[in-house]
Amino acid sequence: MSYTGKCIYINLTDGTHRMEQTDKSLLQDYIGGKGLGFALLDKLAPNPNPFGAENPLIFVNGPFTGTKIQTSARSTLVSRSPLTGSIQDCHCGGNFGPALKRAGYDYLIITGKSAKPVYIYLTDEKIEILDAMNLWGKGIFQTNDELVKAHPGKNPRIAAIGQAGENLSKMACIGIDKHRQFGRGGLGAVMGSKNLKAVVVDGNTEIKYFDEEKFKKINLQFSKDVLDNEGVKFRRVKGTMKCVRSGQENEFLPTKNFQKCTYDEFEGITSETARKELNWEDTSCYNCAIRCSKWARWDGHEIEGPEYETTAFLGSGCEISDIKEVTISNEICNDLGLDTISAGVTCSFAMECFEKGLIEDWSGLELKWGNAKAQQEFLKMMVKKEGVGAIFADGSRIASQKIGKGSEEFAINVFGMEISGVNPLGCLTMGVSVSVSDFASHTRLWCTEAEMGSDFKIEDIPIAVVDGQNEINARNCLVICDFVPLGLDRLAPLLNAATGLNHTENSLREVGARITDLARRYNLRNGRKFTDDILPERFFREVAPSGFMKGKVLDKEFFNELVQKVYAIRGWDEKGEPKKNYENMGIKINEKK
Ligand code: SF4
């Protein structure tokens with residue numbers, strides 16, 4: 001089967017480790033990736049301090065990771081987030097997950113705290129905890145280069161933190177192979193709190209399949225259908241940046257800290273402009289022929305990207321229309337280890353505070369809309385927690401609590417997490433989705449298309465959110481890239497042939513619902529309340545330019561009704577607490593379809 005059957009626990013406090021069999025009792029119900037990671041976190045650390053030794057970092061693969069299935073690069077990291085206090089999963093492409101599987105492990109669980117900076121070297125032959133004093137204080141790019149040099153091995157792959165993680169910024173990410181990230185929720189700071197600079201994985205373990213012949217046959221047709229898909233061909237040319245134009249045309253492009261849904265200067269940051277100005281070349285994660293990734297090379301800069309979300313926040317969100325400047329800001333974040341979504345939204349929030357004169361001393365920064373150089377200085381100051389940067393270093397929620405003066409109304413986060421690249425003023429469905437999710441990320445559901453179609457009605461929002469989130473949860477267990485355009489009906493037979501598990505489209509939806517319930521219970525236990533399932537005040541005060549609310553101001557009572565309908569479909573009570581048996585929900589949702 002495409003699991004390795006092994007896992008490893010490492011305790012950094014005493015430097016011990018133990019290998020175990022993968023917990024098979026969890027595989028049918030939670031599969032891998034997000035589901036398995038959540039089940040393990042719930043079991044191991046139901047109520048950890050995010051920066052406590054007991055909070056584990058769970059690097060967990062899915063049964064598809066590292067296999068011959070298209071986009072099998074993807075892998076997952078699970079922990080409790082210091083940014084929100086919620087259960088957190090991050091998904092990443094690149095090569096780290098496949099390398100962890102080649103090292104022989106389905107998951108790696110790191111607990112404890114080292115007394116001094118260390119890194120982990122894990123292969124199919126050995127496990128070492130090594131001194132990282134000479135790496136501490138360095139950026140992700142240099143750390144990666146030095147570790148590859150120190151451990152040439154077979155094909156080493158590296159997860160590392162930069163100075164943001166070392167300084168415990170709650171916006172810190174973990175860089176994978178320099179240019180990919182476990183981005184959201186501040187898990188780079190969890191790694192920093194353990195004095196863990198990096199994890200190097202390498203190996204040569206062969207991946208096997210439960211039914212080789214059947215798998216080969218199903219996978220051949222699957223690959224063909226993925227690559228023949230017209231949407232995939234379009235994505236290959238445009239990358240995720242295609243959403244800049246579509247966001248502008250459909251009026252959901254976050255602009256000027258979500259004050260607007262369109263950006264007059266948007267042509268400066270489109271996919272077409274990026275291809276020309278940055279000399280884009282198509283590239284990809286491990287085993288992916290979709291090749292949505294782009295490699296930028298100009299004037300001595302070499303960087304992957306930028307991606308849409310990064311551009312929406314470091315670009316239009318701050319009214320910066322020069323794609324090269326946006327890419328330089330992206331490069332700064334990737335090297336220092338800052339999540340570009342949280343950092344970008346926090347920067348646009350700071351620009352609005354600057355405009356409104358809410359802080360007296362800006363440490364010499366002219367943080368005006370459109371000032372790219374000031375933005376780049378500000379990003380560095382946030383990481384160093386220096387001058388005015390110290391106020392914003394942990395994201396928009398904490399900054400607004402320090403600043404006060406009504407700034408909470410335009411600190412664009414849901415329960416501490418800066419929301420992702422769709423302005424809810426232009427797409428109410430996304431507004432509901434980010435409000436009821438385990439955390440407010442685009443990886444929970446991307447549903448901008450909903451409000452573009454004439455068949456979709458406002459009363460369809462709750463069922464669409466529930467159904468969509470269940471499906472994405474299931475995909476995040478396998479783990480497969482969101483950009484594969486085939487559904488659970490095609491993924492279930494592939495999963496069964498690879499693993500010997502017994503799943504159908506319906507049972508995968510049940511897995512998605514089960515994980516949502518688990519996450520909800522975890523978050524309620526750790527401080528979230530149903531009253532936190534709400535958008536920032538800005539979205540209840542300003543007239544929507546498009547979508548269902550076009551020309552109107554969103555009524556909070558009506559929004560809460562939509563949230564209550566989501567609860568009801570899920571079998572949660574009016575306080576958002578799961579009550580029903582999740583198994584029934586998957587069936588009910590599918591009957592509705
Ligand atoms: S589609 Fe893009 S993000 Fe997904 S695996 Fe392929 S290159 Fe990576």
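1. Start with Gly-315. Leaving aside neighbours within four places in sequence, Gly-315 is in contact with Ile-269, Ile-320 and Val-326 in this predicted model. Its place is the loop between helix H11 (308–314) and helix H12 (323–336). Is Gly-315 buried or exposed? Gly-315 has 32 other C-beta atoms within 10 Å, and 20 or more make a residue buried, so Gly-315 is buried. Gly-268 lies 47 residues away in sequence, yet the C-alpha to C-alpha distance between Gly-315 and Gly-268 is 9.3 Å.

2. Check the cis peptides. One joins Gly-305 and Pro-306, with omega about 0 degrees. Pro-306 sits in the loop between strand E15 (301–304) and H11. Another cis bond runs from Leu-478 to Val-479, with omega near -10 degrees. Val-479 belongs to the loop between helix H18 (461–478) and H19. Most peptide bonds are trans. Both sites are worth a look in the viewer.

3. Check the positive phi values too. Most residues other than glycine have a negative phi. Ile-31 has phi near 65 degrees. Its loop links helix H1 (27–30) and helix H2 (33–44). Ile-31 counts as buried because 27 C-beta neighbours fall inside 10 Å. Lys-256 has phi near 50 degrees and lies in the loop between helix H9 (242–249) and helix H10 (271–277). With 18 other C-beta atoms within 10 Å, Lys-256 is partly exposed.

4. Which residues of H7 are buried? They include Phe-215, Phe-222 and Val-226. These residues cover an arc of only 40 degrees around the axis, so they sit on the same side of H7. An α-helix has 3.6 residues a turn, so residues three or four places apart point the same way. The cover over the buried residues of H7 includes helix H8 (230–238) and helix H19 (488–499). The face turned away from the buried side holds exposed residues: Glu-213, Lys-216, Leu-220, Gln-221, Lys-224 and Asp-228.

5. Nine of the nine residues of H17 (residues 428–436) are buried, so H17 is largely enclosed by the rest of the structure. Those buried residues are Leu-428, Thr-429, Met-430, Gly-431, Val-432, Ser-433, Val-434, Ser-435 and Val-436. What covers them includes strand E16 (413–414), H18 and helix H21 (556–570).

6. Strand E3 (residues 57–60) is buried on both faces. Leu-57 and Phe-59 point one way, Ile-58 and Val-60 the other, and all are buried. In a regular strand the side chains alternate between the two faces of the sheet. Where does E3 pair? E3 runs antiparallel to strand E6 (residues 107–111), joined by four bridges. E3 also pairs with strand E4 (residues 75–80), in the antiparallel sense, over three bridges. Val-60 takes part in both pairings: Val-60 stands opposite Tyr-107 in E6, and the bridge partner of Val-60 in E4 is Thr-76.

7. Now the nonpolar cores. The largest has 169 residues. Those with the most contacts inside this core are Ile-58, Tyr-119, Ala-198, Val-200 and Leu-338. Helix H13 (residues 340–356) gives the largest share, nine residues. Leaving aside neighbours within four places in sequence, Leu-338 is in contact with Ala-164, Ser-169, Met-171, Ala-172, Cys-173, Cys-333, Ala-343, Leu-379 and Val-383. Another core lies apart from the largest one. This other core has six residues, among them Ala-73, Cys-288, Ile-290 and Cys-292. In soluble globular proteins, nonpolar side chains tend to be buried together.

8. Last, the domains. The domain assignment gives domain 1 (6–202), domain 2 (239–411) and domain 3 (422–592). How far apart are the centres of domain 2 and domain 3? Taken over C-alpha atoms, the centres of domain 2 and domain 3 are separated by 26 Å. Across this pair, 13 residues of domain 2 are in contact with 14 residues of domain 3.

Key:
Residues numbered from 1 in each chain as written. Predicted model: local features only at pLDDT ≥ 70, side-chain atom pairs only at ≥ 80, totals over all residues. Buried ≥ 20, exposed ≤ 12 C-beta atoms within 10 Å, placed from the backbone. Helix = DSSP H or I, 4+ residues; strand = E, 2+ residues; numbered from the N terminus. Arc of directions from axis to C-beta. Contact = placed C-beta atoms within 7 Å. Core = buried A, V, L, I, M, F, W, Y, C linked by C-beta atoms within 7 Å. Pairing = 2+ DSSP bridges. Domains from an automatic or database assignment.
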